[in-house]
Amino acid sequence: MTEAKIPRGDVSTNINFLKPLGPDDDPYYIYIGCAPPEAVPPMNLRIEPRPTMIHDLRGHEETVNLDHDSLNLLRSAPVPYQVDFDSDESIKNTYYPAVEKHLRTAIPDATKMSIFRHAIRHTGAPKEYAPAALFAHVDQTGPAVADRVRRHLGMEAPALLQGRFRLIHLWQAINGPVQTMPLAFASAATVSDADISAVVSHLSDFSEDFGAPQFSENQKWYYWSGVGPDEAIVMQLFDSAAADPASGVRGGRAIHSAFKDPRTPDNALPRFSIETSVLVFGP
């Protein structure tokens with residue numbers, strides 16, 4: 001079989017955004033991993049696809065950074081070959097240490113890191129994996145991140161919340177260079193607070209808010225073509241320093257979405273990827 005050609009370069013295609021809530025609309029919600037109450041729909045999200053220009057950062061990796069864009073692209077971040085991605089134990093024991101090592105390359109002055117979850121996505125839709133998320137979102141709002149600090153770090157949380165705290169995702173391909181449904185992300189400096197709606201996410205044992213944007217012409221979207229298993233995308237989903245105008249942190253959140261590239265060849269491999277959520281503290 002001929003190897004599929006990896007689509008590269010800027011591309012215009014649809015990204016799915018939330019429609020703005022009207023004055024009489026109920027707040028947005030979704031049930032994930034649990035059943036809603038009887039007669040309640042599992043979600044009330046209203047999505048609209050919007051044509052979006054997505055710029056390829058391949059060869060331009062140094063033009064984005066965490067403080068301005070909430071993005072960092074690591075060109076040397078190999079996935080350990082020993083990891084069994086069908087085993088949570090193997091992921092936690094073998095892959096998590098590699099994640100922290102890669103993040104300390106991106107954020108060398110962090111005083112503490114705490115990994116609290118991972119998710120594997122597969123566009124071939126095997127039952128055991130989640131599908132790619134085909135709408136623009138940021139996984140937790142600021143208050144939800146503070147709640148995660150309290151939930152996962154217990155007695156340490158009050159002191160940690162007095163300083164700078166962040167939520168970082170490290171995203172990697174597992175099965176070779178990405179050919180299908182790459183990940184797009186908007187520069188945090190181009191996304192305003194007014195663009196974001198809070199969505200209540202009802203999980204199996206608690207609820208929290210995530211953010212979902214409406215489309216704006218001011219947003220600047222990027223992707224990194226053909227991400228391989230020796231590379232990593234570092235996305236900053238929240239940075240408490242963004243609340244201080246003197247900090248130089250712009251926005252502090254990377255909204256992101258998988259997207260369907262119209263140039264994807266028919267024989268392209270499904271995307272098989274892992275995202276790991278890390279609470280990062282200091283300086």
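In which sense do strand β3 and strand β10 pair, and over how many bridges? In this predicted model, β3 (residues 47–56) and β10 (residues 221–223) run in the parallel sense, with three bridges between them. One of the residues involved is His 55, whose bridge partner in β10 is Tyr 222. As a rule, strands of a sheet pair through backbone hydrogen bonds, either parallel or antiparallel.

That pair belongs to a wider arrangement. Five strands make up an open sheet, laid out in the order β1-β3-β10-β7-β12, and the pairing is mixed. At the edges stand β1 (11–18) and β12 (256–258); each has a single partner strand, so one side of each is left without a neighbour in the sheet. Going from one strand to the next, the twist averages 40 degrees.

Next come the open spaces. Rolling a probe the size of a water molecule over the atoms shows where empty space is left. The largest pocket has a volume of about 770 Å³. Its lining counts 28 residues, and those nearest the centre are Ile 32, Arg 117, Arg 121, Asp 139 and Leu 203. Two or more lining residues come from each of β5 (112–122), β9 (207–213) and β13 (272–281), and β5 gives the most, with three. By class, the lining of this pocket splits into 14 nonpolar, seven polar and seven charged residues.

The second largest pocket has a volume of about 200 Å³. Here 14 residues form the lining, with Thr 141, Gly 142, Ile 196, Phe 238 and Arg 253 nearest the centre. Strand β11 (residues 232–239) gives the most to this lining, namely three residues. The classes in this case are five nonpolar, six polar and three charged.

The largest cavity holds about 80 Å³ of space. Among the residues lining it are Arg 121, His 137, His 169, Trp 171, Met 235 and Glu 275.

Finally, the aromatic rings. Seven aromatic pairs are found across the whole structure. Phe 85 and Tyr 95 form an edge-to-face pair, with 5.7 Å from centre to centre and 70 degrees between the planes. Phe 85 sits in the loop between β4 (71–74) and α2 (88–106), while Tyr 95 is in helix α2, so the pair ties together parts that are ten residues apart in sequence. Phe 85 counts as buried at 12% relative accessibility, and Tyr 95 is buried as well, with a relative accessible area of 0%.

Phe 165 and Phe 238 make another pair, with ring centres 5.5 Å apart and planes at 40 degrees, so the pair is tilted. Because Phe 165 belongs to strand β6 and Phe 238 to strand β11, this pair ties together parts that are 73 residues apart in sequence. Phe 165 is buried, at 9% relative accessibility. Elsewhere, Phe 17, Phe 215 and Trp 221 form one aromatic cluster.

Key. Residues numbered from 1 in each chain as written. Predicted model: local features only at pLDDT ≥ 70, side-chain atom pairs only at ≥ 80, totals over all residues. Heavy atoms only, no water. Pairing = 2+ DSSP bridges. Helix = DSSP H or I, 4+ residues; strand = E, 2+ residues; numbered from the N terminus. Axes fitted to C-alpha atoms, helices over the stretch in contact; angles between N-to-C directions. 1 Å grid on protein atoms, 1.4 Å probe; cavity = no way out; pocket = protein on both sides within 12 Å on 5 of 7 lines; lining within 4 Å. Points joined across faces, edges and corners; volume = space filled by probe spheres on them. Nonpolar A, V, L, I, M, F, W, Y, C, P; charged D, E, K, R; others polar. Phe/Tyr/Trp six-rings, centres within 6.5 Å; stacked < 30°, edge-to-face > 60°. Buried < 20%, exposed > 50% of the residue type's maximum accessible area, 1.4 Å probe, protein only.
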